[in-house]
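Please read the following report alongside the sequence and the three-dimensional view.

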Amino acid sequence: MTNEELARAIKAGNTVLYNDLWKQVEPFVIKYARCFYTAHESACISHGVTDDDLTQSGFLAVVGAVKDYKPETGYRFTTFLKFHLKQQFYAALHGGRRRKTEDMLNCCDSLDKPVGKNEDGNLLDCILDPDSQFLYEDIDSHILKEELREEMEGCLNSIKPARAEVLRLIFYDGTTLQEAGKRTGRTKERIRQIRNLGLKDLTEPELLSRLQQYREDLDT
């Protein structure tokens, strides 16, 4: 079952499938946790938070994502999961405590006040770097491209090798039909035919269903 199918089944009451869903999305959670840790390494270290801690908090994110998942939107489950992962990671970074609602400008604590398990960090470490949001967007984009690349490779490995080779040359390497022909010892017209056959193969229902969730990204 896909992540989306599992999420729908869980929302329908089949909660025993949480374990199956977790197993499927765990690699994604681990990758996202490592990226978050790298982007906020100083704050994580000062608060005694490891990437393993972040990964463990990822299960709560999965539960939240299932609750909020709306199949009718057409978005894949990991889109909802990303939002909840960010929430859980920041909660883990700040010890899971809610921030006080009082105006921080009226707080008497200095930004240099030691915080964290070993008091080797300060309040300044807790303030989100405004540039980190842009870094996070880069992380999102990087992970998405990796996901798409892996899924596309799986599909290409399912079609005839010659067709897959031509598609990789044209769409991965950016070669022209003529350049692809020279590299494979075929005519430009033959490369065009192979390319079209390969694209047609990718529209087979089984393969198309695997790529459909990335339709917006494939357009770009």
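## Overall make-up

Among the contacts in the protein with a separation of 6 or more, 61% are accounted for by residues 24 or more positions apart. The structure discussed here is a predicted model, and of the 220 residues of the protein, 36% count as buried.

The protein has twelve helices and two strands. Read from the N terminus on, its elements follow the order α-α-α-α-α-β-β-α-α-α-α-α-α-α.

## Helices α1 and α2

Helix α1 covers residues 3-11 and helix α2 covers residues 18-39, and the two pack at an angle of about 155°, with their axes 10 Å apart. An angle over 145 degrees counts as roughly antiparallel, and α1 and α2 are therefore roughly antiparallel to each other. The crossing in which α1 passes α2 is left-handed.

On the α1 side, the residues that take part are N3, L6 and I10, and these meet Y18, D20, L21, Q24 and V25 in α2. Sorted by class, the residues of this contact between α1 and α2 comprise five nonpolar, two polar and one charged.

E41 belongs to helix α3, which covers residues 41-46. With a relative accessible area of 40%, E41 is partly exposed. E41 and D51 are ten residues apart in sequence, and their C-alpha atoms are 9.4 Å apart in space.

D53 lies in helix α4, which covers residues 51-68. Its relative accessible area is 31%, so D53 is also classed as partly exposed. From C-alpha to C-alpha, D53 and A33 are 8.8 Å apart in space, although 20 residues separate them in sequence.

## Helix α5 and the residue F80

Helix α5 takes in the 17 residues 77-93, which at 1.5 Å a residue should span 24 Å, and the distance between its end C-alpha atoms, 24 Å, agrees with that expectation. The buried residues of α5 are F77, T78, F80, L81, K82, H84, L85, F89 and L93. An α-helix has 3.6 residues a turn, so residues three or four places apart point the same way. Within the buried set of α5, F77, F80 and H84 may be picked out as examples to locate in the view.

F80, which has its place in helix α5, has a relative accessible area of 16%, and because buried means under 20%, F80 is buried. When residues up to four places away in sequence are not counted, F80 touches A65, D68, Y69, K70, T73 and Y75. The C-alpha atoms of F80 and G64 are separated by 8.7 Å, and these two residues are 16 residues apart along the chain.

Helix α8 covers residues 161-172, and its buried residues are R163, A164, V166, L167, L169 and I170. Just after α8 comes G174, which takes a positive phi of about 75°.

Helix α9, residues 177-184, packs with α8 at an angle of about 135°, and the axes of the two are 10 Å apart. The two helices α8 and α9 are therefore oblique to each other, and their crossing is right-handed. The classes represented in the contact of α8 with α9 are four nonpolar, one polar and two charged residues.

## Helices α9 and α10

The next packing pair joins α9 to helix α10, residues 188-201, at an angle of about 100°, with their axes 8 Å apart. It follows that α9 and α10 are roughly perpendicular to each other. L177, Q178, A180, G181 and T184 of α9 make the contact together with K188, I191, R192 and R195 of α10. In this contact of α9 with α10, the residues divide into three nonpolar, three polar and three charged.

Conventions:
Residues are numbered from 1 along each chain as its sequence is written. This is a predicted model: local features need pLDDT of at least 70, side-chain atom pairs count only at pLDDT 80 or more; totals for chains, interfaces and linings use all residues. Side-chain values use heavy atoms; hydrogens and water are left out. Helices (H or I, at least four residues) and strands (E, at least two) are DSSP runs, numbered from the N terminus. The expected span of a helix is 1.5 Å times one less than its number of residues. Buried means under 20% relative accessible area, exposed over 50%, partly exposed in between (1.4 Å probe, protein chains only). Axes are lines fitted to C-alpha atoms, for helices over the stretch in contact, and angles run from 0 to 180 degrees between N-to-C directions. Angles under 35 degrees count as roughly parallel, over 145 as roughly antiparallel, 65 to 115 as roughly perpendicular and the rest as oblique. A crossing is left-handed if the near helix is turned anticlockwise from the far one by less than a right angle, and right-handed if clockwise. Contact means heavy atoms within 4.5 Å. Ala, Val, Leu, Ile, Met, Phe, Trp, Tyr, Cys and Pro count as nonpolar, Asp, Glu, Lys and Arg as charged, and the others, Gly among them, as polar.
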